[in-house]
Amino acid sequence: MAQEQHIALPLKYRPMTFEDVVGQEHVVRTLRHAIESGRIANAYLFVGPRGIGKTTTSRIFAKALNCTSPNGVEPCGKCVNCVEIAAGRSLDVVELDAASHNKVEDVKPIMESVQFKPVSSKFKVFIIDECHMLSNAAWNALLKTLEEPPPHVRFIFATTEGDKVLATIVSRCQRFDLRRIQTNDIVSRLRHVCELEKIEAEEDALLAIARGAEGGMRDALSSLDQLISFRGDKVREEDALGVFGLVSRSALESLAGAILKGDVGAILEQIDMFYSAGKNMRRLSAELLMHFRNLVAVQALGPDSKTLAVTPDQAKSLAEQAKGIDPSRVFRICDILADMEDKLRYVLSARTLIEMSLIRASRVASTATIEELMKAVRELKSGVGVSAAPAAGERVETRVERDQPAAASRQPEAKREPPAVTLEPRAAAPEPRAASPVSRSAILEDPKLNSVLSSLPGAIVTDIKEKRK
Ligand SMILES: [Zn+2]
């Protein structure tokens, strides 16, 4: 028996119907509705990075317009028109790659053929890919037709650089911005393909491929194809990581854990390990920032939130890591990592910058925040019998002194004018009661408060005052 010819996975699993298109629901919904209602614009402009389905969606739309026996709004994929469009030999659907054909002479055949009725379909559809590459003269030649196209003509423009398309053209098109496909959507598509191809793939291997593809389905399927030819029918995480120079999911999570614990030694060791293994340090920084961003999202919205776009395994680890960590700390770490991302573009030694930034982040992570301090003071106050929270109109001031040696006495110093931290009153507060000097000193000398303070380097409480307005 002759061996079946190998078809590249991106080609084999290219979406054939609107239903199959992954991650572009906003575009698909509008296009389907346009066909349903018969309100089809003269020209469409699809903008977005490569490999996310611009050309594929254009072809599906062209098929849906010209299919002779559509299934609702979906093209049947079987009629002569569908088959010819899919094979790229339909006389009524013309594709032009403007990356290599961008001169006036290249668009002339289009100008000539628009006057003639379609051969065997309802519409003549012109799909112009990478349209931002068309020369000005070529655009000018097209402009007249775009303004008043014959009723049987439709244009679909696709481009990776929407900003380079002339405003006069954009204003004559319905513009759609296609999104990068979310990692978890790519993972589920890859899993589906693996099932059909009878490939055994580790979940984290698929995740690594999806991470490496950075939102492009075509790249993800190509990489899967490459790994299958390299490894046979078993795809493992380490192979996928090797292809992209990525750090494994567990290593990334453990680095994040070291930052949260303030473990400088572990941070330096891990960075050294990644560096020696030739991992992509800039990518590591971007993914670490994403991890902490996800932690913020988990804390705010829970692990099942749609904004996370992570696999179930990742969601579980995120929820675990987010437990018991003050959100404001995670937020401050995000700040430092974002700053690092920004600076990475200009530095020569990514490693040093990453090390220093992560140490800084780990210090932030292990230092008490003012919010935590205030919470502790509130709890303390309710514990020693002073009013649990001040009532409206009453403010409690906690004076915090900084830049004191850790071993310095916790007595007030007269000559220093310390900054004041203000505790805002809570909405529902019990009746105010004046704090006696005895309870004040009880607060100041309380070991719980002082243990919180000791984690805030150089800060001591010198006085607690109550004010009436
Ligand atoms: Zn059809």
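**Helix packing and a buried alanine**

In this predicted model, helix α12 (residues 249–261) packs against helix α14 (residues 281–301) at an angle of about 70 degrees, and their axes are 10 Å apart.

Student: Why are α12 and α14 called roughly perpendicular?

Tutor: Angles of 65 to 115 degrees count as roughly perpendicular. The angle between α12 and α14 is about 70 degrees, and the two helices are therefore roughly perpendicular to each other.

Student: What is the handedness of the crossing of α12 and α14?

Tutor: The crossing of α12 and α14 is right-handed. On the α12 side the contact is made by L252, L255 and A256, and on the α14 side by E287, L288, H291 and F292. By class, this contact of α12 with α14 has 5 nonpolar, 1 polar and 1 charged residues.

Student: What makes A361 buried rather than exposed?

Tutor: A residue is buried if 20 or more other C-beta atoms lie within 10 Å of its own. A361 has 26 other C-beta atoms within 10 Å, and is therefore buried.

Student: Where is A361, and which residues does A361 touch?

Tutor: A361 is in helix α17 (residues 350–365). Not counting residues up to four places away in sequence, A361 touches I259, I333, I336 and L337. A361 and C334 are 27 residues apart in sequence, with their C-alpha atoms 8.3 Å apart in space.

Student: Which element of the protein chain has the lowest mean pLDDT, and which the highest?

Tutor: Strand β8 (residues 394–401) has the lowest, 43, and strand β1 (residues 43–47) the highest, 96. Over residues 385–432 pLDDT stays under 50. The protein chain averages a pLDDT of 84, and 82% of the residues score at least 70.

Key
Residues are numbered from 1 along each chain as its sequence is written. This is a predicted model: local features need pLDDT of at least 70, side-chain atom pairs count only at pLDDT 80 or more; totals for chains, interfaces and linings use all residues. Axes are lines fitted to C-alpha atoms, for helices over the stretch in contact, and angles run from 0 to 180 degrees between N-to-C directions. Helices (H or I, at least four residues) and strands (E, at least two) are DSSP runs, numbered from the N terminus. Angles under 35 degrees count as roughly parallel, over 145 as roughly antiparallel, 65 to 115 as roughly perpendicular and the rest as oblique. A crossing is left-handed if the near helix is turned anticlockwise from the far one by less than a right angle, and right-handed if clockwise. Two residues are in contact if their C-beta atoms, placed from the backbone, lie within 7 Å. Ala, Val, Leu, Ile, Met, Phe, Trp, Tyr, Cys and Pro count as nonpolar, Asp, Glu, Lys and Arg as charged, and the others, Gly among them, as polar. A residue is buried if 20 or more other C-beta atoms lie within 10 Å of its own, exposed if 12 or fewer, and partly exposed in between; C-beta atoms are placed from the backbone. pLDDT is the predictor's confidence in each residue, from 0 to 100.
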